[in-house]
Amino acid sequence: MGDNLRWFLKLFRPYKGLLLFAFLGAVLEGVAYSGLSFVLKNLIDRVLVDKNLSLLWVSVGLLLTFGVLKQFGFLLSELLYRYAVSKIVARLRVRLYSKLTSIGLEEFQRYPQGEWLGRITNDLRSFKDYSEGFGIKVLREFFTALFLVGVLLYFDWQLFLAFALIVPFLGKAFEYFGSKRKKYSLLYQEVFADFINFVSNLLENFENVKFLNRPFLNRIARAKVVALFGAEFKQALYSAGYLSAVELLGYLFAAAVFLYGGYRVVEGELTAGTFISFIGTLFLLYNSLQALQRNALNYKALEPVITRIREVLEFIPPERGGDKPFRGLEEKITALNVVYPEEKPILRSVNFEIPKGAKVFVKGTSGGGKSTFLKVLSSLYLSYGGSLKYDKTELRDFLLTSFRRKVFYISQRSAIFNDTVRNNLLLAKPNATEGELRRALELAEASFVFDLPEGLDTKLGGGGVELSGGQRQRIALARLFLTRPEVAFLDEATSALDPETEGRVLKNILSHLRDKTLFFVSHRPQLAKHFDLLLEVESGEVTLKGAKENG
Ligand SMILES: Nc1ncnc2c1ncn2[C@@H]1O[C@H](COP(=O)(O)OP(=O)(O)OP(=O)(O)O)[C@@H](O)[C@H]1O
Ligand SMILES: [Mg+2]
């Protein structure tokens, strides 16, 4: 059994009880379906040929009973199974989402964003669709086919063997079309991820696009859509091709059965009732064999989707630091020949000692490596070379949750989530009181939120209030005032503010972090005079100077 199939089945383990009933439903459907064939045979031989009216009533009664039972079995198995699949999808969604938040920045950046989006949206959608077309349906059709085979063997085993010669041909068709189906299902997921990536770029940059060349942009989009169409249509082509091949094979072998069976009826070896019921049942069997293969084919499409989901859940490693708790900076941060990344370094040989409590102004030309430097220093990029110590402990040996509880980082792009102002702030400190929130907003010069339509409960972002760049920054900064980190890293976190506001906020930051350590990246040299130290990051080289004499 394939590894993926085993994984798939394991997902159903919590629903064993439900699935048992679904299974019974499937068996019931199979039995009832074959019962219908029996009724048909007896209707012809005993009622029509022998002209027995009372048996007609019995036959009709049985027909209805079997019909109802079959439908009952179908509903039971289908509903219970779909319930289990929906539950599983919901659980996978939660697992994928929380896995995504657990991986490191470096691993995250290895894949384009659309890839991640595709995996937690479209892949799960496909997982649901293909799973519904697989699973219980296979069982149901399997039992139906099994019982129908039993009936056919009972009717006339020789006729059945003539038909059974079709099996190897069906096998070949399945193998060929199945592998194609798998290939294009995989391709489709990949192309889709690329397309989603492009769409999300469009959404992020909507206003810029208005001033860019739209036909050109549409041309790029069209090329991606064409690729998507190709992969989609190839899937349809091979499913339809498969169905036709199977159908044609069916007619071919049915013709052989007609010839052989008809001959034996003429010779008097076989009753007409048996022959007609045999043919009728054969069609039922063939239908269910086709359905069986279609479902198995769905598994071929499901497999690559499972692989992609498992890749995220199992093979992409979560971010891993060490096990040393961080109790706060006692003395100093020391960098010794720090290089990042080790191959084709952006930062080359960084060396410095920064004492606890220092306020460090970081400057340098655009693209020089300031943001990268802050990411290394703040534990976002752990695969640095050389040695980077907080007191006597190597940065990557810290228990990351412990380290990050006492350290704060604000990136160049302010992180605002589509939710209320309050929730956006509580993200930094879930148990903050109203007073603390108010105070933090005041210190961040973000009192404007109290004038928003619903104050702290105003929704931000898409569908809610659009903030200006500087307002977003001030909300992000309010988070800093909610926590009082041992070390703070601010990457151009005040760059969108006017100089007066920026000056007031900086004053608040410096007094909030009085005996704490601060790294402050900025392109405004006039701010340097408020700092103790100056770090210059220039084409990957980091130099430390006293700030006052360079200000
Ligand atoms: N994840 C990454 N993978 C590869 N290269 C990167 C990555 N992040 C940044 N770089 C490269 O590293 C260099 C430094 O980038 P960085 O963002 O650190 O510069 P910066 O000094 O912060 O610039 P700015 O002032 O414009 O913000 C750039 O050449 C950039 O292209
Ligand atoms: Mg930067």
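The buried residues of helix α9 are F177, R181, Y184, S185, Y188, Q189, V191, F192, A193 and I196. This is a predicted model. Those buried residues pack against α5 (113–120), α6, α11 (214–266) and α12 (272–315). Helix α9 itself covers residues 167–204 and has 38 residues. From first C-alpha to last, α9 reaches 54 Å, close to the 56 Å expected at 1.5 Å a residue. An α-helix has 3.6 residues a turn, so residues three or four places apart point the same way.

**The whole chain**

The protein has 19 helices and 10 strands. Its radius of gyration is 34 Å, well over the 24 Å that the globule rule gives for 551 residues, so the protein is more spread out than a compact globule. The C-alpha trace spans about 115 × 50 × 50 Å along its principal axes. Of the 551 residues, 34% count as buried. Now take the contacts between residues at least 6 apart in sequence. Of these, 82% join residues at least 24 apart.

The domain assignment gives two entries: domain 1 (3–315) and domain 2 (332–550). Their centres, taken over C-alpha atoms, are separated by 53 Å.

Is S131 buried or exposed? S131 counts as buried because it has 26 C-beta neighbours inside 10 Å, and 20 or more is enough. S131 lies in helix α6 (residues 122–132). Leaving aside neighbours within four places in sequence, S131 is in contact with V85 and L302.

R222 is in helix α11. R222 has 12 C-beta neighbours inside 10 Å, so it counts as exposed. The cut-off for exposed is 12 or fewer.

T401 sits in helix α14 (residues 400–405). T401 also counts as exposed, with 10 C-beta neighbours inside 10 Å.

| Pair | Apart in sequence | C-alpha to C-alpha |
|---|---|---|
| S131 and N295 | 164 residues | 9.1 Å |
| R222 and F195 | 27 residues | 9.8 Å |
| T401 and G385 | 16 residues | 22 Å |

**Around ligand 1**

Which residues are around ligand 1? They are Q109, I346, G364, S366, G367, G368, G369, K370, S371, T372, Q412 and V537. By class, this shell has two nonpolar, nine polar and one charged residues. Helix α13 (residues 370–377) gives the largest share of the shell, with three residues.

**Backbone details in loops**

Most residues other than glycine have a negative phi, and most peptide bonds are trans. Some places in this model depart from that pattern. The peptide bond from Y340 to P341 is cis, with omega near -20°. P341 is found in the loop between β1 (332–340) and β2 (347–355).

K51 has a positive phi, near 50°. K51 lies in the loop between α2 (16–49) and α3 (53–102). With 9 C-beta neighbours inside 10 Å, K51 counts as exposed.

E445 has a positive phi too, near 60°. The loop that holds E445 runs between α16 (434–443) and α17 (469–482). Why does E445 count as buried? E445 is buried because 21 other C-beta atoms lie within 10 Å.

Note on methods: Residues are numbered from 1 along each chain as its sequence is written. Chains are lettered from A and ligands numbered from 1 in the order in which they are written. This is a predicted model: local features need pLDDT of at least 70, side-chain atom pairs count only at pLDDT 80 or more; totals for chains, interfaces and linings use all residues. Helices (H or I, at least four residues) and strands (E, at least two) are DSSP runs, numbered from the N terminus. Two residues are in contact if their C-beta atoms, placed from the backbone, lie within 7 Å. Domain bounds come from an automatic or database domain assignment. A residue is near a molecule or strand if its C-beta atom, placed from the backbone, lies within 6 Å of it. Ala, Val, Leu, Ile, Met, Phe, Trp, Tyr, Cys and Pro count as nonpolar, Asp, Glu, Lys and Arg as charged, and the others, Gly among them, as polar. The radius of gyration is taken over C-alpha atoms; the globule rule is 2.2 Å times the number of residues to the power 0.38. The expected span of a helix is 1.5 Å times one less than its number of residues.
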